[in-house]
Amino acid sequence: MKKILIIDIDKTARTQLKAHLIEEGYLVNDTETESAGIELLKESRYDVVISDLCTNQCGCVGIMKWISENAPATKVIIVTSYASVDCIVQTMKMGAFNYMLKPVSAAEIAQVIENALKLDEEFVCLKNVSLSSGFDDIIGVSDSIKQTIQTALKVAEIDSNILIMGESGTGKELVAEAIHNNSQNRKDFPYVAVNCAAIPDSILESELFGYVKGAFTGAGRDKKGLFEVADRGTIFMDEIGDTSAQFQSKLLRVIEAKEIRRVGDTQAKQVDVRIIAATNKDIAKMAAAGSFRADLFYRLSVVDINIAPLRERKEDIRPLIDFFLNESAKRLGKNITGVSEDAIRILYVYDWPGNVRELKNSIERAVALSEHSTLHAEDFPLAYDYFNRLGLDTEKREAESERDIVTLKEIETKHVLKALEKYGSDHKLIAKKLGIGYTTLWRKIKEIENGA
C-alpha cells in the first residue's frame, strides 16, 4: 500500500482529506507543522507528501528542500490558498509534482496523487514488459515512446520491410535491433547494421552486394556482401535517405527480385533478408520532389515507425538519466549515486539537439569527470550554459519592454496564453506542463476570458 503524509495546520481539512484517502486504499499519516513532518519522514518512507505550509512568505520551501536532499523519490503536492507565482516557480524548480490552489476537493487531490504514482508504476511496468520482449534498452514513460514500442512489437512478426524515421540520436538502431531480436522467424539468424552515409557511394555497392575476384583493382578474392551475410536474418540500413539514385535503383532490384549480384559477377544469388531502413530526413517529401526514388520509398515503408525527438517527450528524461547514471557509474567504477535537483532542472530545460545519444554522452562525461557523489548543474556545461543564456535573454526582453514593471497576474496570464497557443485545447496536458491542477487551470482560463 502506498504511504501518504499530509501536513496542514487546518485540522478539519486535514482530517477530511485523510479519511477520503484511507477510503481510497492509502496508508495515511498527518501532522500540522514542518518540523513534525520532517520527523515522520525520517522515521519512514512516504510515496507522496501533501503540504499546505505555503504562506505569503512561501513557507513550503523548507520541507521541499529537506525532501529533495533526503527523499528525492517522494512526490510532493502543494495545496494552498496562496496564489504566489514566485512560490509556484520556486517549488516546481525544487521538484514539486504539482501546485494546487484551494478550494480543491479531496477527489481532485486523489486524482493528482494517482497521476504522481502512475509515473513510477508505468516506468516499472514498461521495464518489465521490455525485459521479456527484447526491448529492455528502450527506456521511457511517455505515451510517444510506449506507442513506438507497441508498434515495433506488432510488426516484429510481420515479415515486411520497415522504415524507422527520427532525428539523429533518437534510438532508431535500438528499435531495429529489438524488432529483429523479437522476431521468432529471424532472431536466430544474423542481424547486420550498416550506416549508408558513412560509406562512400563507390564502395557501398560492393560492401552490400559483395564482389568477385578481379572485379576491380585490389579485388584479389571473392567476398560476400552484407546481404549474403544477413541471409534469413535482418539488415538494418541507417541513413537510407543519403544514398545516390544509382544505388537506390540497385536496391530496388534486390527488394523486388530477392536476389543480389556481386560486383563483377554474371550470376545472381537468392537472398532472404528483411530490410529495416532508417532516416533522419523526410524522404516522403524527397520522393514527392524527385530526390528519392518514390518506388523504393513505397517498398521500404510497408510499415512506418516514427520516433519523436527527446525535446517532445521530456517526461522520458528522468528515467533515462537514472538508467545512464547507473550504467556509467558501474562501468567507470565511480561512486556516484544521484543527480541534484538543480541539475535535473537544467537538463529538462535544455532542448537536446542530439537527443538520447547526447543525453547519454553528457551523463557519461559528467560521471567520468565528477569528483562528488552527486552530479550538479555545472557538470553539464552545454545544458548549464544554455540555461544561463536563456535567463539572460529573458532579462533582455523584460528590459526592452515598454514598462519597467508588470504585475505577477500579467506574467501568469501571458504564461497560460502561451501554453494554450502551443498545446491547443488539451487542457490536461497544459495543466501538467504548467505544473498546476486541472481545476486551477480551468479557473485561470475563465478569469482570462472574463478579463479578470
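Predicted model: local features only at pLDDT ≥ 70, side-chain atom pairs only at ≥ 80, totals over all residues.
User: What makes up the secondary structure of the protein chain, and how much of the chain is buried?

Analyst: The secondary structure comes to 19 helices and 16 strands. Buried residues make up 43% of the 452 residues. Of the contacts with a separation of 6 or more, 69% are between residues 24 or more positions apart.

User: Why is V76 called buried?

Analyst: V76 has a relative accessibility of 2%. Buried means under 20%, so V76 counts as buried.

User: Where is V76 found, and which residues does V76 touch?

Analyst: V76 is found in strand β4, residues 75–80. Leaving out residues up to four places away in sequence, V76 touches V49, M64, I67, A96, F97 and N98. The C-alpha atoms of V76 and L5 are separated by 9.6 Å, and the two residues are 71 apart along the chain.

User: Why is the pair F323 and F324 called edge-to-face?

Analyst: The ring centres of F323 and F324 are 5.7 Å apart, with 65 degrees between the planes. Rings pair if their centres lie within 6.5 Å, and planes over 60 degrees apart count as edge-to-face.

User: What makes Y350 and W352 an edge-to-face pair?

Analyst: Y350 and W352 are 4.6 Å centre to centre, with 80 degrees between the planes. The distance is within 6.5 Å and the angle is over 60 degrees, so the edge-to-face label applies. Y350 and W352 are both buried.

User: How do you know that W352 is buried, and what is its phi?

Analyst: W352 has a relative accessible area of 1%; buried means under 20%, so the label holds. W352 has a positive phi of about 50 degrees although W352 is not a glycine. W352 lies in the loop between α14 (341–349) and α15.

User: Why is K258 called partly exposed?

Analyst: K258 has 49% relative accessibility. Exposed means over 50% and buried means under 20%, so K258 counts as partly exposed. K258 is found in the loop between α10 and β11. K258 also has a positive phi, about 55 degrees, although K258 is not a glycine.

User: How many aromatic pairs are there, and which residues form a cluster?

Analyst: The count comes to seven aromatic pairs. Ring pairs link F209, F227 and F247 into a cluster.

User: Which residues of α8 are buried, and what do they pack against?

Analyst: In α8, residues 201–209, the buried residues are L204, S206, L208 and F209. The buried residues of α8 pack against elements including β7 (191–195), α9 (226–229) and α10 (245–257). G210 follows α8 and has a positive phi, near 85 degrees.

User: How do you know that K3 lies over the face of Y46?

Analyst: K3 is at 4.7 Å from the ring centre of Y46. The distance limit is 6 Å, so K3 meets that part of the rule. K3 is placed over the face of the Y46 ring.

User: What lines the largest cavity, and what is its volume?

Analyst: The largest cavity has a volume of about 30 Å³. The count comes to one cavity of 30 Å³ or more. The lining of the largest cavity is K409, E412, T413, V416, K444, E447 and I448. α17 (408–423) gives the largest share of this lining, four residues. By class, the lining has two nonpolar, one polar and four charged residues.

User: What is known of the second largest pocket and its lining?

Analyst: The volume of the second largest pocket is about 520 Å³. Of its 25 lining residues, G169, T170, G171, L174 and V356 are the closest to the centre. α7 gives the most to the lining, five residues. The lining has ten nonpolar, five polar and ten charged residues.

Key: Residues numbered from 1 in each chain as written. Heavy atoms only, no water. 1 Å grid on protein atoms, 1.4 Å probe; cavity = no way out; pocket = protein on both sides within 12 Å on 5 of 7 lines; lining within 4 Å. Points joined across faces, edges and corners; volume = space filled by probe spheres on them. Helix = DSSP H or I, 4+ residues; strand = E, 2+ residues; numbered from the N terminus. Nonpolar A, V, L, I, M, F, W, Y, C, P; charged D, E, K, R; others polar. Phe/Tyr/Trp six-rings, centres within 6.5 Å; stacked < 30°, edge-to-face > 60°. Buried < 20%, exposed > 50% of the residue type's maximum accessible area, 1.4 Å probe, protein only. Lys NZ or Arg CZ within 6 Å of the ring centre and 35° of its normal. Contact = heavy atoms within 4.5 Å.
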